[in-house]
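Subject: Handover of a structure and findings

Dear colleague,

Please find below the structure that I am passing on to you. My notes on what was found in it follow.

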Amino acid sequence: MTKLPTAIALLLCALSFNASHAAATLKDGDIIFHTSRSAQSVAVQRATGSRYSHMGVVLLRDGKPYVFEAVSTVRYTPLAQWTARGNGGHYVVKRLRDADKLLTPGAVARLHARTSDFAGRPYDLTFEWSDGRIYCSELVWKLYQRALGVRIGELQKIREFNLTDPAVRAKMRERYGDKVPMDEPVISPVAMFDSPLLVTVETH
């Protein structure tokens, strides 16, 4: 059997350890953020002033971490697959500040149960505040609000974002034409990321 060079073997061991460590430290209900490589990511970043353009909720299934997210549809994605999609593999995990008190077994069970409200719904390209279609931060906000009565981040109206940036204007024309719903309520990833209700528990 051919032996791997020592440096490569050590690198593989380190990567394996990091993946296992991340999975071991994450808990049900953790909120995870990364910078998407999707076509709309730059527009979202510039409109909201956020580094991060995509997010989801970590939920354990058979002891393994998944990210419940809104992409083409609302679905469970294995953690390793989700983090690999982010720009540079970078991600940040946040958790409720009083998680030990708030995320009781009963609360976690309610989070899991309320996923059925959204699973399979199509992605919302026009960021409407309805349940027919769902975008990423809307999914996380509504899941927490309905399961636990916790509102993470303040809603804003479309008109409050930076709509003058060329990338944002182009995406707005593509999605809305000349009829932009300026007063539509929106929850952005950065509003949730900056919420004082959350604390950072891991940065990778």
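How many helices and strands does the secondary structure of the chain come to? The chain has 8 helices and 8 strands; here helices (H or I, at least four residues) and strands (E, at least two) are DSSP runs, numbered from the N terminus.

Please note that this is a predicted model, in which local features need pLDDT of at least 70 and side-chain atom pairs count only at pLDDT 80 or more, while totals for chains, interfaces and linings use all residues. Residues are numbered from 1 along each chain as its sequence is written, and side-chain values use heavy atoms, with hydrogens and water left out.

The chain as a whole

Of the 204 residues in the chain, 44% are buried. Buried means under 20% relative accessible area, exposed over 50%, and partly exposed in between (1.4 Å probe, protein chains only). Among the contacts with a separation of 6 or more, 69% are between residues 24 or more positions apart; a contact means heavy atoms within 4.5 Å.

The largest pocket

The largest pocket has a volume of about 580 Å³. Of the 33 residues that line this pocket, Gln40, Val44, Tyr123, Phe127 and Arg175 are the closest to its centre. Helix H2 (41-48), helix H6 (136-148) and helix H7 (166-176) are the elements that give two or more residues to the lining. By class, the lining has 18 nonpolar, 11 polar and 4 charged residues.

The terms need some explanation. On a 1 Å grid over the protein atoms alone, a pocket is an open set of points where a 1.4 Å probe fits, with protein on both sides within 12 Å along at least five of seven lines; lining residues have an atom within 4 Å of a point. Grid points are joined across faces, edges and corners, and the volume is the space filled by probe spheres set on the points. Ala, Val, Leu, Ile, Met, Phe, Trp, Tyr, Cys and Pro count as nonpolar, Asp, Glu, Lys and Arg as charged, and the others, Gly among them, as polar.

Which residues of H2 are buried? They are Ser41, Ala43, Val44, Ala47 and Thr48. These residues lie on the same side of H2, because they cover an arc of only 165° around the axis; the arc is that of the directions from the helix axis to the C-beta atoms. H7 and helix H8 (189-193) are among what covers them. Just after H2, Gly49 has a positive phi of about 70°.

Ser137 belongs to helix H6. Ser137 counts as buried because its relative accessibility is 1%. Leaving aside residues up to four places away in sequence, Ser137 touches Met55, Ile187, Ser188, Pro189 and Met192.

Strand S2 and its partners

In strand S2 (residues 54-61), 6 of the 8 residues are buried. S2 pairs with strand S1 (residues 31-34) in the antiparallel sense over 4 bridges; two strands pair if DSSP finds at least two bridges between them. Within S2, Gly56 stands opposite Ile32. S2 also runs antiparallel to strand S3 (residues 64-70), joined by 5 bridges, and Leu59 has Tyr66 in S3 as its bridge partner. The hairpin of S2 and S3 has 2 residues between the strands, and Asp62 takes a positive phi near 55° there.

Not counting residues up to four places away in sequence, Arg61 touches Tyr66 and Tyr76.

With kind regards
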